[in-house]
Each structure stands twice: as structure tokens, then as C-alpha cells.
Amino acid sequence: MTYTYRGKAGISSAVAALFTVVIVFAALAPTLLFTQSLYAILSNEVNERRYFEVDRYSEKLDVLVLQIGNRLNLKVENTGPISLVVVRVWAYRIGTGSTLPADGPCYTQSITLNPGSEALIDVSTCVQGHTGYVMFKVVTERGRQFTSDVVSLQNGMLPSSPYPFTLTVSIINMQRGKTYTVEVTPLDDGLVSPRTFTHKATASNENVTVAFGTTAGTFRVTLYENNRFKDLGDQNPQTVKVPDYTAVIFDLGRIAITSVNLEVVIMAPPRVVYGGGQSVVVVPVSVYVKLPSTAQEPVTITSVPSDLLDVSGGHQVSCSVASGMDLYPNQMTLVASCALTITSGNDATLRVAPGVIVGEGQYSGLQYFNSGASFTVRVSGRS
Amino acid sequence: MAVAIGIVLMLVSHSWAVSAGTRSLDQTNKEVAQQWSLLLVEHAFFSASGSTATVYVSNPGRYELVVLRCVVYQRGSSPQTASFREYGRIPANMSQVVPLTCPVYGSGPYYFVELFAIPVHLYDPREPLTNAQYGVTVRYDLHLQR
């Protein structure tokens, strides 16, 4: 039998075509499908992480120190919208910060709290015999921490007086040589001891903090300078409801507090590879807000819009946002966890417009706004 | 001849596919691990001498972490450079709080505690810098009161 040249070429072409089909279906197609499923898994994990972060910031827990008989207890109440699990309770000395007991946490049993429910945690053993100022910190399973008020203990118990709470009053930037008097007056059936406190400033810009024992109730706190009412506008007198608020500050400084711009930091991968068979790539983006060190007061973040992040290049972005956090000067906090969906080979420029994130100064009530920020994610193709 | 070339090409493409798939899986695993690498400083305080601080950390994430860097430095100063070493392993899901003893640099009332950790399964004790890009850095404010 003889083959012509054209006949051999035809057989070779058929064999080549057969192997091409085998290569495509046995190697390339499974690789493509496998890669797609990996991206789906990653995308799913990114979303789960976002939901976790939103849940974490939704947790809210009130912590109250109570003396019941000869036992010291923490009353923890879940005032947030979701269930939480208390995993640890810390007790530590105000001043040194050292723990009670010295070798670690005070309580390590898990307690599940549904929204609106409360529990009592016996912490007597941790602070047994201790005298001094102590604070309790409750840690949840999602990693949030909630603290009690500072309490003064005597031999491991709240003082056997009718004053279970401590109201602290700070006078800042006193004038040398002048005498300052703080008067605390109950406005309802609350009790306070002592009612007045007097201090003579021995240095310029001296600060002092004094503590008053109180029961629950509403109190008016008034500051006098050389026995005359000190005019501080709406800062004097101040009305506080204990135990919701347990601190009063009189700032006598002549420096007016001014608002500063909140700095926005966008964190995302600087470079993303797109192509290679996948139609979309999802990358996590985090938006942080920083209070500059030049700020003169702590700021509470009051408003973060869910559409704070714009993206160019035809891509899509969706965010989960959080607000209500307190920021101290030079401190940074996460306000949005986002997922950027890359749908083409164009670079993605993420922008936060100025003025969309709002905070409120804790001393002045001034509004704080963010400055603009942008971040470019370079998208490179993969053949 | 055509059959031989075809078999060679098929084997080459198959091994490429397996290799690419393995790389993608490895990369995805690392990125997922990074997503769920969370570190929480529950409490910290200075030793009596002030030269070290005890830092209690826990892990609300899904993967056990190894802390490779823990320094306490004065707020406003540059973070101290310190070579990576294993300070401790932090089990996942908040199951345990681990005390770490960290060096303190500088003097003053306000400090940062700075920690760096990576998932244990990405950590190579012989090459600690391997996979360092998948680590997580945590800062905690610490106020010295004496």
C-alpha cells in the first residue's frame, strides 16, 4: 500500500486536530474552571469578612459594677442589635495598669448574651482584699472591648457608703494664685459626698482632677473662681446624669478649639492581575480615618455614607460602613470595608470626596470633615 | 511523528495546567488566611522597671497566628527596627489569651505597642521573612502612669 504526500499531510492534520482538542479539554478548560472557582471562594471569603466586621461594630455592651451582699459583681447587658459572647473579663489597677490577679484575666468563662439580655459575673475573687481604683474590661468573641467606670475599692468591695459611683471633675489650665471651688448639687434624689471641693493653684496652667462619691441621679456641677461664679458660657454649670456620665471637665484655657480635617487612608492592593480567563476580580479595600495629631480634642465619627468610595475605570465597588467610634489625636480607625470588583483591564482609581465623613468634637461640639483622598489600583493583564 | 509531538505537547500542557492550578490554589489560600488574620491586644502594662511591657494578645480570626515582632515605642518617634523572632503563638477563635514580654524603647508618658503576626501555616522558622506580606500589623495605645 502506498500513501501520497497529500494523504500523509491529511492524516497528520487530523492527528494534530485530535491532540489540540484533547489538550483544550483535558488541560486548559479544567484550569480555567478551577481558577474561576478559586476566585469565587476568595470573593465569598471577602464578603464574609466584611459581614464579620459589620457585626463586630454592631456589638454594644453596658458594664456596671455592683456590690451584692459581700460579693462584687459585674452586670453586663447587651444593648446592641445582635447576640454576643463574653469570653474574658479583665480587672486592672488604675495607675500602673497591672492586672488583678497578677497572672492574667479575671474571668475566662464564655457567656452568651442575646440582644436585651443581661448577666451577673462574680469578680470578687479577682479583687479580693484590694484597695484602690480599679477598672473592669469585658472582651467579646468578635474582639470588641467594653469597660466599666473606674471604681474605688476598699478590701475588694465598694466602700460601704451610699455612694457606689465616682464622679470625676477636672479643672484644666488654672491661673496661678487663684482659688477654685467645685460645687456638686443633686437635682433629684441623688446623693453626693463631699458637696464641695476647693483648690488653690500654685502654678500657671495647673490641672487638677477630683472625685466625688455619688449615687445614681442627676447633678449640677458648678465652678467658682475666688468664690465668684466663673463664666465659661454653657460649660459652667454642667449637668450630668450618673452613671451615664461620670466625668466633667472645666477647661479654663483661653485657646479656642478649632476643627481640623480628618485624614482618609485608602488601603488596597497596589497591583491586580486581570485576565487569564476570569471575567471579574474582587479585591478588598479598607478605608480608614485618622485624626491629625494637631487636633485639640477627641472626635466621635458620626456619619459615614455607604457610597463614600467612587471608582473610575468602569469598575464597581460596594462598602459596609461603621460609625460611632471615638478618635483621639493621631489615632486611626476603620470606617468602611469594601469590595472592589475589577471588570476590565483599566486601572481603578478609588476616590473619597472631601466632606463626606463627619465627626463631632467631644469638647467643643464642632463638626469635623474629611479631606479628599484617592488611591490607584494598577490593573495588569494576564494572557 | 505527529503522534509523538502531540503526546509531548499534551504532557507539557497537562503539567503546566497542574502547576498553574497549584500556584493559584496556594495564592488563594494565602489571601484567605490574610483576610482572617486578626490580632487583638486585650491588655498591656509596663513592668516595674519600665524596660519591658507585658502585652496580652488574643486572636478573633480563624487561623492560629505567630507573633514575630513586638515593640513598645514612644508615640511620635519612629518605630524601632527589630529582627523577626517568634514571640508566641496565638490560637484562633479567641480561645486563649497569650502574654508576651516586649521591649520598651524611649521615655515619656505615651507609647504605641506594635505587633506583627502571620498565620502559622505560612510561617517558616528558618526564613521568617517568607510570606511576610501576608502578615498583619496591630497598634495599641499605652499610657504610662506612675
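Residues are numbered from 1 along each chain as its sequence is written, while chains are lettered from A and ligands numbered from 1 in the order in which they are written. Because this is a predicted model, local features need pLDDT of at least 70 and side-chain atom pairs count only at pLDDT 80 or more, whereas totals for chains, interfaces and linings use all residues.

**View 1. The two chains and their predicted confidence.**
The predictor gives the complex an ipTM of 0.87 and a pTM of 0.57. Chain A holds one helix and 29 strands, and chain B has one helix and seven strands; helices (H or I, at least four residues) and strands (E, at least two) are DSSP runs, numbered from the N terminus. Along its sequence, chain B reads α-β-β-β-β-β-β-β. Within chain B, confidence is lowest in helix 1 (residues 2-35), at a mean of 85, and highest in strand 4 (residues 88-90), at 95. Where pLDDT is low, the predicted coordinates should not be read in detail.

**View 2**

**View 3. A four-stranded open sheet in chain A.**
The strand order is 18-20-25-23 in chain A, and the pairing is antiparallel; two strands pair if DSSP finds at least two bridges between them. Strand 18 (263-267) and strand 23 (316-321) of chain A stand at the edges with a single partner strand each, so one side of each is left without a neighbour in the sheet. Neighbouring strands of this sheet are turned by 25 degrees against each other on average, direction ignored. Such angles are taken between axes, which are lines fitted to C-alpha atoms (for helices over the stretch in contact), and run from 0 to 180 degrees between N-to-C directions. Strand 18 of chain A pairs with strand 20 (residues 281-290) of chain A in the antiparallel sense over five bridges. To find your bearings, look for A:Val264, which stands opposite A:Val289 in strand 20 of chain A.

**View 4. Nonpolar cores.**
A nonpolar core is a set of buried Ala, Val, Leu, Ile, Met, Phe, Trp, Tyr and Cys residues joined through C-beta atoms within 7 Å. A residue is buried if 20 or more other C-beta atoms lie within 10 Å of its own, exposed if 12 or fewer, and partly exposed in between, with C-beta atoms placed from the backbone. The largest core has 69 residues, of which B:Val57, B:Val67, B:Val113 and B:Ala117 touch the most other members. Strand 3 (residues 65-74) of chain B gives the most to this core, with seven residues. Leaving aside neighbours within four places in sequence, the contacts of B:Val67 include B:Val57, B:Tyr87, B:Ile90 and B:Ala117. A second, separate core of 24 residues includes A:Leu74, A:Leu84, A:Cys126 and A:Val138. Overall, 32% of the 146 residues of chain B count as buried, and 27% of the 383 residues in chain A do.

**View 5. Backbone details in the loops.**
Most residues other than glycine have a negative phi, and most peptide bonds are trans. A cis peptide bond joins A:Leu100 and A:Pro101, with omega about 0 degrees; A:Pro101 is in the loop between strand 3 and strand 4 (111-113) of chain A. The bond from A:Val242 to A:Pro243 is also cis, with omega near 15 degrees, and A:Pro243 lies in the loop between strand 16 (238-242) and strand 17 (247-251) of chain A. B:Asn93, not a glycine, has a positive phi of about 60 degrees and sits in the loop between strand 4 and strand 5 (98-105) of chain B.

Key
pLDDT is the predictor's confidence in each residue, from 0 to 100. Two residues are in contact if their C-beta atoms, placed from the backbone, lie within 7 Å.
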